[in-house]
Amino acid sequence: MTDHIMAYHGQLPEELYQRVKKHFTDQEIIALFWQIGSKNAANWFLIAMQIEQNKN
């Protein structure tokens with residue numbers, strides 16, 4: 001799911017979203033998407049600023 005969200009700029013097919021809803025509440029889905037989005041934004045910021053991440 002994470003790969004799909006990142007590859008398609010947050011667009012999640014309805015079928016995949018329905019599969020996610022079987023396992024998570026609405027609040028959990030929001031928190032999950034928030035985490036995915038914030039990590040993606042942080043990664044793009046690091047790339048733009050040419051900051052190398054520690055891989056430890």
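A residue is buried under 20% relative accessible area, exposed over 50%, and partly exposed in between (1.4 Å probe, protein chains only). By that scale, Gln50 is exposed, at 72% relative accessibility. The model is predicted: local features need pLDDT of at least 70, side-chain atom pairs count only at pLDDT 80 or more, and totals for chains, interfaces and linings use all residues. Residues are numbered from 1 along each chain as its sequence is written, and side-chain values use heavy atoms, without hydrogens and water.

Start with the fold. The protein has three helices and zero strands, taken as DSSP runs numbered from the N terminus (helices H or I, at least four residues; strands E, at least two). The radius of gyration is 14 Å, well over the 10 Å of the globule rule for 56 residues, so the protein is more spread out than a compact globule. That radius is taken over C-alpha atoms, and the rule is 2.2 Å times the number of residues to the power 0.38. Along its principal axes, the C-alpha trace spans about 40 × 20 × 15 Å. Of the 56 residues, 11% count as buried.

His9 lies between helix H1 (2-7) and helix H2 (14-21). His9 is exposed, with a relative accessible area of 72%. His9 and Lys22 are 13 residues apart in sequence, yet 23 Å apart in space, C-alpha to C-alpha.

Move on to the segment after helix H3 (26-48), where Met49 is found. Most residues other than glycine have a negative phi. Gln50, not a glycine, has a positive phi of about 55 degrees.
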